[in-house]
Amino acid sequence: MTSRIPRDSRLRLVRPRPLAAAPRAVNQRRPSRPAPRPPEGTPAPAELARMARSGLAGAARVARWADAALRPGRDGASPDGKGTLADETAEQAAADLGLTPAQVRADWDTARLAGLIEVHGDSARPGWRLRAWNRDDSAVLRGWVALFDAWSLARPEPADHEPAAVAEVVSAMPQVLSFLQLSAGPVPVEQLLDLLGQRVTELRTERCEIPFGPRPEPAELPEPQTADASLASLTPLLDWALRALASVGALTYGDGQATLTPLGNWAVWVKLEQICVAAQSPAGNIEQPAEDMLRGCAQLRPNAARAEYRAWLAARPVGNAVTELLDAARGEDALLRGLAFEALRVVGAPAEPDVRSVADEPALRPYALLWLAEHDGIDPEDAHEVLTREEATWLWVDTAAAVADHGEAPMLVRHLESALQPTVPALLDEVRAVGHPRTVQVLVALAAAHPDPALAKAVRRAAFQVHTGG
């Protein structure tokens, strides 16, 4: 008697999807929190972008010159790993642009801080923002905010002060900027100095530093520093900070007072909004490392997970967050790999260099290629076309591993329908060929879950062959 169930069951062909994406929930309500509005009197985004373009015109000009004048792959920076412009390149740019080498170096440094130029070791390349500079106001504003965030690098720090004191001032300046933003007008430097002194004192108190080693005798203890002496030591550091912020266009500084520019006022408001978003972390994962945060988001609906990603990202520097997410993606849990790249989609363009750099890692390559394709404007439904057949099969196995570890048997059976291969034997042949480390476990789980005995038997046989190296 023959079985009524065909042994070569054909798989139902469905339109491939990015396999890392979780099933989309339907009829989700949008967040009830209305979009925040900037303070009254803040210029429109288009006007803010015009101001940013004007302030960064020199940096954009040098970046475009480098893009046009330097051949791809040619060394444009010194091999110090810091992106310092080579002497001969600076002189060539100065001659071509009618500037001095010092002006070229200053504009080059500004372009690096704003993301118009990306430096990798001793070579440089145009940043994504340079490509979008004339057509994308959001790219321009992001570039200016990146420069604003790096204000402490815009001018050399005072050489006659301890690095720890400089770091305290940098840590205290957000409170000073918030006060300037709330004041909505000129503020005397003396008032800012007093506020800075209070914040630095709070930082030192919060650290509660206890010196190690033998304690000095009472006669050897230094005299306590008076408040006037403490403020006097902070005066040159505050002057340096205000001049650095003025150099990036965040404020005006002169005649004993400081005032935020419209761009600076808007940027401080943006930072305060980010803090508010972070404080509203819906699932309470904001203080967790990336891996634990992703595990906490595994059971959330897509909209809720994205809100959690945004809150988590707002609470830490973008570079550190991207590094944490990629480290989590390198782990053994395939579910976290997919979720990490979903979080990187929330990061957006600032993650592009790091995602591109991991595209050569076999475990991350399919995810990175899909991310980059979507970043370049390809419809997510069509992004899978950038993958080779082998890469798509590897991603299918990786996603199946996530389903096997965290999903239910019917979900694993449904996942079989998303395979590119038209028949089960073809799928098994290609799955065995890609060499995914979880191949055996995936095939065993699929065989146990599938209701078709003939198909389950074929899958178990394939799992045994992979296990024995046959």
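Modeller: Let us start with contacts, which are counted between heavy atoms within 4.5 Å. Leaving aside its neighbours within four places in sequence, R199 is in contact with A172, Q175 and E206. This is a predicted model, in which local features need pLDDT of at least 70 and side-chain atom pairs count only at pLDDT 80 or more, while totals for chains, interfaces and linings use all residues. Residues are numbered from 1 along each chain as its sequence is written, and side-chain values use heavy atoms, with hydrogens and water left out.

Colleague: Does R199 count as buried or exposed?

Modeller: Buried means under 20% relative accessible area, exposed over 50%, and partly exposed in between, with a 1.4 Å probe and protein chains only. R199 has 16% relative accessibility, so it counts as buried. This residue lies in helix α8 (residues 189–207); helices (H or I, at least four residues) and strands (E, at least two) are DSSP runs, numbered from the N terminus.

Colleague: Which residues are buried in α11?

Modeller: They are A290, M293, L294 and C297. An arc is taken from the directions from the helix axis to the C-beta atoms. Here the arc is only 100 degrees, which puts these residues on the same side of α11. Their cover includes α12 (302–314), α13 (318–329) and α14.

Colleague: At what angle do α11 and α14 pack?

Modeller: Axes are lines fitted to C-alpha atoms, for helices over the stretch in contact, and angles run from 0 to 180 degrees between N-to-C directions. Angles under 35 degrees count as roughly parallel, over 145 as roughly antiparallel, 65 to 115 as roughly perpendicular and the rest as oblique. For α11 (residues 290–297) and α14 (residues 334–347) the angle is about 95 degrees, with the axes 10 Å apart. The two helices are therefore roughly perpendicular to each other. On the α11 side E291, L294 and R295 take part, meeting L336, L339, A340 and A343 in α14.

Colleague: In what order do the strands form the open sheet?

Modeller: Two strands pair if DSSP finds at least two bridges between them. The three strands follow the order β3-β5-β4, with antiparallel pairing. β3 (187–188) and β4 (251–254) are at the edges with a single partner strand each, so one side of each has no neighbour in the sheet. Between β3 and β5 (residues 257–260) there are two bridges, and V187 stands opposite A258 in β5. Helix α7 (residues 163–183) lies across β3, β4 and β5, at about 75 degrees to β5.
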